[in-house]
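Colleague: I would like to learn how to read a few features of a structure. Please give me the general idea first, then the case here.

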Amino acid sequence: MSPIGSFDYHSQLVFIEAYKDYLKNKEINQVEIDFTEVEYIDSSGLCMLLQLRKEVLALGIEVHLVKCGGIVQDIIDTANFGQIFKISMNRG
Amino acid sequence: MRKWSLMKIHIVDDTPGNLKRLSVFCRKQGFDVVTATNGKEAIEVFLSESPDLILMDVTMPVMNGFEATTKIKALAKDHWVPIILVTSLDNEDNLIKGMESGVDDFLSSPVNFKILHEKIKVMKRLSGLQKNLNINLKELKEYHDKAEMEISLAKNVMDKIIGLSNIDQNALRHWIMPAQHFSGDIIAATKTHSNKLYAFIADVAGHGLQAALMVLPISQIFYTMAETGCSIVSIAEELNYRVHQQIHTGGFVAATFIIIDTFSGTIEVWNGGNPPLIIMNHQGEILHSWKSIHLPLGILNKEAFNAKTEIHTVKSDAQLFICSDGLLEAQGEDNKFFGPKKMISVLRKEPPEHRFTALVDAVKKHLGNQLAHDDISLVEIQYRPEKQHKSIAQDVKKKKSKLEESGSWKLSLQLGSEKLRLLSVVPILLKWINLLDIRKSQSGAIFVVLSELYTNALDHGLLKLDSKLKQLPDGFDLYFSERKSRLENLNGGTIEIEISKITSDGKLLQIHIKDSGEGFAHEMDVPLELTAPSGRGIPLIKSLCKEVRYLGDGNEAIVHFELD
């Protein structure tokens, strides 16, 4: 999944609908969220990730946060989400 | 507006012929009719008769129709009274002036009665709509006012509960700027009796009322635990557990706990999800920074939660700065974040006493006219380690850590007569014991043992009350009134209590209690049936404890209680 722009309160409903749709596919063994186009993430955004993680863990699937850069990386680092998500940083 | 048949029509015209024609027509329709022959009179009639509709002529002596319309509309305020201007429709000037003065409709002169009839019908319908609109508006305004009032009331209550009760304003300064009415940010601080400063800065995910609802329980738990001197580890564990249980899926609370012990010159921190806490000396150098190394509260369950703290020793005077991410992420008109670099450069530039206000000003300036999209909070704490007592402090620390390692602890208390009179000792003791490490299932039994021992020491040891009193009719009343008066007059005498957990020989709770009285005949063989309602409860204690021993003349007792 590749969200774009601000990953915050306003994108909550859209995101939840999107991943619920996505999870209907039974072939999935990993969920990857690509942060390339994300400029900002707030606490509601972090909440959404936790919510996704909870639902996905129940299915035995891992969540991978990829290409986090700039302020998004700082915010995810501050919350120490590395302890519960697989994270790869944007090195480019 | 009244029912169709009861409608009151106000006709204003200076030409007697017109006035008569219109009046006759309206009366024939069944309307009530009132009249006036100029604008001034029209206003008077409007005030005295409150008509439902006005037919207004333009040119009249004393006051013309436009002026009268403007004045009537102003007098009517929210109550809508339709005014139909009777004028020649090809007079553009009159039409414009009419609209400007607030006329609702026009009727060509001479009046066509069929059209007049239709216009009255339309106005009647509009009037109904207007009336409903007014009612809705009024209700809406009432709701709004009520909500605003409740919010300001709640905010007031919250501010008081969260208020930093016993902290010197110079020692700790804080600033909270909520993004909405309520802030989901918490700043709490308190000083313990041993002069340690506990501070807690938290940021509940989300903002507004939903976030603020978490604020109350969290800050209350923090205060209760901090004031009794609990460790950061236990406070963090407890709060993580509570938040984990209470918060909806995906919620969390970023938090920083700080204990400042100026006596030993140490600062202990747990930071989960908040920006780094920095300590800056007077020269503007950053001595240390505690980054967030944990997940915020509420994400991990009890077992997975990591409460490890970082302790740093700082020997010189300095200032601590803590902020929520709302400050660093404050976006100005150029959409740029305030950021940590700017924060530090602002702080560095200023002398210590101006740093706090300079930072607040800088953030406000950065925001400009933009509203912050997250709650912003900032705390500054003055840090002044005590220099003289280093050796003692270290000594105390060593001893303390030895005790902690072996899992045992000791609590001792000596109370003089004044405190004995005023304090409810047993609940206080029990509270402490529970905070150490007693299972809830056992605290009831411990309470009974402690109460019995304490009652023996106070009632019989110091107050010399005879429990036989209780066997008389009305004995209990007698006993308690006697107890009350003796307690009030108690002068001198002490009770010493020492409670310790011994781990060397199984897990035992040892309670040692000693009063300065003459003792009592503890060996006396008291039949159980007598001890049940009154007595000295010794058999009861014996039944609950592994071992009960009396020393001295019976003014001293040691009991061992087996812990799970």
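Modeller: Start with the elements: helices (H or I, at least four residues) and strands (E, at least two) are DSSP runs, numbered from the N terminus. This is a predicted model, in which local features need pLDDT of at least 70, side-chain atom pairs count only at pLDDT 80 or more, and totals for chains, interfaces and linings use all residues. Residues are numbered from 1 along each chain as its sequence is written, chains are lettered from A and ligands numbered from 1 in the order in which they are written, and side-chain values use heavy atoms, with hydrogens and water left out.

Colleague: How many helical turns separate Glu482(B) and Arg486(B)?

Modeller: About one, because the two are four residues apart in helix 15 (residues 475–488) of chain B. A salt bridge is a side-chain nitrogen of Lys or Arg within 4 Å of a carboxyl oxygen of Asp or Glu. Over all chains, a search of the whole structure finds 15 salt bridges.

Colleague: Is Glu482(B) buried or partly exposed?

Modeller: The general idea is a scale of relative accessible area: buried means under 20%, exposed over 50%, and partly exposed in between (1.4 Å probe, protein chains only). Glu482(B) has 28% relative accessibility, so it counts as partly exposed. Arg486(B), with 30%, is partly exposed as well.

Colleague: Which parts does the salt bridge of Lys73(B) and Asp104(B) tie together?

Modeller: The side chains of Lys73(B) and Asp104(B) meet at 2.7 Å, N to O. Lys73(B) lies in helix 3 (residues 65–76) of chain B and Asp104(B) in the loop between helix 4 (92–101) and strand 5 (105–108), so the pair ties together parts 31 residues apart in sequence. Asp104(B) is partly exposed because its relative accessible area is 29%.

Colleague: In what order do the strands of the sheet in chain A stand?

Modeller: Two strands pair if DSSP finds at least two bridges between them. In chain A, three strands form an open sheet in the order 2-4-5, with parallel pairing. Strand 2 (30–34) and strand 5 (86–89) of chain A are at the edges, each with a single partner strand, so one side of each has no neighbour in the sheet. From one strand to the next, the twist averages 20°. Strand 2 of chain A is joined to strand 4 (residues 62–68) of chain A by five bridges. One bridge partner in strand 4 of chain A is His64(A), which pairs with Glu32(A).

Colleague: What does Glu62(A) form with Lys86(A)?

Modeller: A salt bridge, the closest N and O atoms being 3.7 Å apart. Glu62(A) is in strand 4 of chain A and Lys86(A) in strand 5 of chain A, 24 residues apart, and the pair links distant parts of the chain. Glu62(A) counts as partly exposed because its relative accessibility is 42%; for Lys86(A), at 39%, the class is also partly exposed.

Colleague: With which residues is Asn555(B) in contact, leaving aside its neighbours within four places in sequence?

Modeller: Contact means heavy atoms within 4.5 Å. On that basis, the residues touching Asn555(B) are Ile513(B), Lys514(B), Asp515(B), Gly517(B) and Gly519(B), its neighbours within four places in sequence being left aside. Asn555(B) sits in the loop between strand 19 (547–551) and strand 20 (556–562) of chain B. Its relative accessibility is 14%, so Asn555(B) counts as buried.

Methods:
Axes are lines fitted to C-alpha atoms, for helices over the stretch in contact, and angles run from 0 to 180 degrees between N-to-C directions.
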